[in-house]
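Subject: Structure handover

Hello,

Here is the structure I promised to pass on. Please have a look at it first, then read the notes below.

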Amino acid sequence: MRILGAVIAGGQSTRMGAADKLALPWEGRTLVAHVAARLAAQLPELHGVVVNISRDKAKLLPKDIPIVPDAKQRMAGPLAGLEAVMKHGTDHGFTHVLTCAGDTPFLPGDLVERLTQARGEVRILRTGVYPQPLFAMWPVALGGDLCDFLDEGQTFKVMAFAKRYDLEMVDVPAANGIDPFFNINTPEDLQEAHSLIKQAQATKTVTQNV
């Protein structure tokens, strides 16, 4: 198994106002660069990480992280990004693509471990009863099926495509009281994310002093 980590970051940031959420500063990087680095840290050396993003946003990422824009001009949301990274994975000798969302600063530190230990053909993380379809692992061999699915145009929901296969849901608990899939869409979300960090740090300090 050779895994391509892929950050799906093709959204338009319409709810952030004038700002691009992917460009928001986070721990000394842009938000999308932070997510890519957090994912890359979990992958062994023989694997790789790319970001599904338009080329005009290349400045948001370090130069050593490849950018993979959507393969076709589709209005298909995240599935268009999945289509692009599956093709990239196939072209570069990867067997699987492991995806995450580009606006989730707290993504699980054991994301790769949980998904690689699962057994389903398609594996998607879940918190409680809520699936997180952008946090998933897919065989690149499904790329042709995905292209056909998008060409049909009946639905562009990730779960609708995933349910065509042997699907395994992989449960992930919250860490330090923080939802690992918390995503930043609005200025209020950004403020809440910073508040969550402060609360987690305060709780850790209190625990250490007990």
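Two strands count as paired if DSSP finds at least two bridges between them. With that in mind, Ile124 stands opposite Met169 in β8. One caution before the rest: this is a predicted model.

**The sheet**

Six strands form an open sheet. Their order is β4-β1-β5-β7-β6-β8, and the pairing is mixed. β4 and β8 (167-171) are the edge strands, each pairing on one side only. From one strand to the next, the twist averages 25°.

Now the pairs, one by one.

- β1 and β5 run parallel, joined by six bridges. Here Ile8 stands opposite Ala101 in β5.
- β5 and β7 are antiparallel, over four bridges. His96 faces Pro139 of β7 in this pairing.
- β6 (residues 122-127) and β7 are also antiparallel, over five bridges. Arg126 has Pro131 as its bridge partner in β7. Thr127 stands opposite Tyr130, again in β7.
- β6 and β8 run parallel, with five bridges between them.

As background, strands of a sheet pair through backbone hydrogen bonds, either parallel or antiparallel.

β6 and β7 form a hairpin with two residues between the strands. Gly128 in that hairpin takes a positive phi near 60°. β6 itself is well covered. Five of its six residues are buried, so the strand is largely enclosed by the rest of the structure.

**Helix α1**

α1 covers residues 31-40. The helix lies across β1, β4 and β5. Its direction is at about 160° to β1.

**Helix α2**

How many residues does α2 have, and how far does the helix reach? It has 14 residues, 78-91, and spans 20 Å from its first C-alpha to its last. That is close to the 20 Å expected at 1.5 Å a residue.

Why call α2 largely enclosed? Ten of its 14 residues are buried, so the rest of the structure largely encloses it. Leu79, Ala80, Gly81, Leu82, Glu83, Ala84, Val85, Met86, His88 and Gly89 make up the buried set. The cover over them includes strands β1 (3-8), β4 (48-52), β5 (96-101) and β7 (130-139). It also includes helices α4 (143-152) and α5 (158-162).

- His88 lies in α2. His88 is buried because its relative accessible area is 18%, and the cut-off is under 20%. Leaving aside neighbours within four places in sequence, His88 is in contact with Leu4, Val50 and Val68.
- Asp91 is also in α2. A polar contact of 2.9 Å links its side chain to that of Lys87. Asp91 and Val140 are 49 residues apart along the chain, and their C-alpha atoms are separated by 9.7 Å.

On helices in general: an α-helix has 3.6 residues a turn, so residues three or four places apart point the same way.

**α2 against α4**

Where do the two helices meet? On the α2 side, the residues are Leu79, Ala80, Leu82, Glu83 and Met86. On the α4 side, they are Gly143, Leu146, Cys147, Phe149 and Leu150. The helices pack at an angle of about 150°. Their axes are 9 Å apart. The crossing is left-handed.

**Where to start**

I would open the view on the sheet, β4-β1-β5-β7-β6-β8. Then find α1 across β1, β4 and β5. After that, go to α2 and its contacts with α4.

Best wishes

How values were computed. Residues are numbered from 1 along each chain as its sequence is written. This is a predicted model: local features need pLDDT of at least 70, side-chain atom pairs count only at pLDDT 80 or more; totals for chains, interfaces and linings use all residues. Side-chain values use heavy atoms; hydrogens and water are left out. The expected span of a helix is 1.5 Å times one less than its number of residues. Buried means under 20% relative accessible area, exposed over 50%, partly exposed in between (1.4 Å probe, protein chains only). Contact means heavy atoms within 4.5 Å. A polar contact is a pair of N or O atoms within 3.5 Å; within protein, one must be able to donate a hydrogen and the other to accept it, and residues adjacent in sequence count only if both atoms are side-chain atoms. Axes are lines fitted to C-alpha atoms, for helices over the stretch in contact, and angles run from 0 to 180 degrees between N-to-C directions. A crossing is left-handed if the near helix is turned anticlockwise from the far one by less than a right angle, and right-handed if clockwise.
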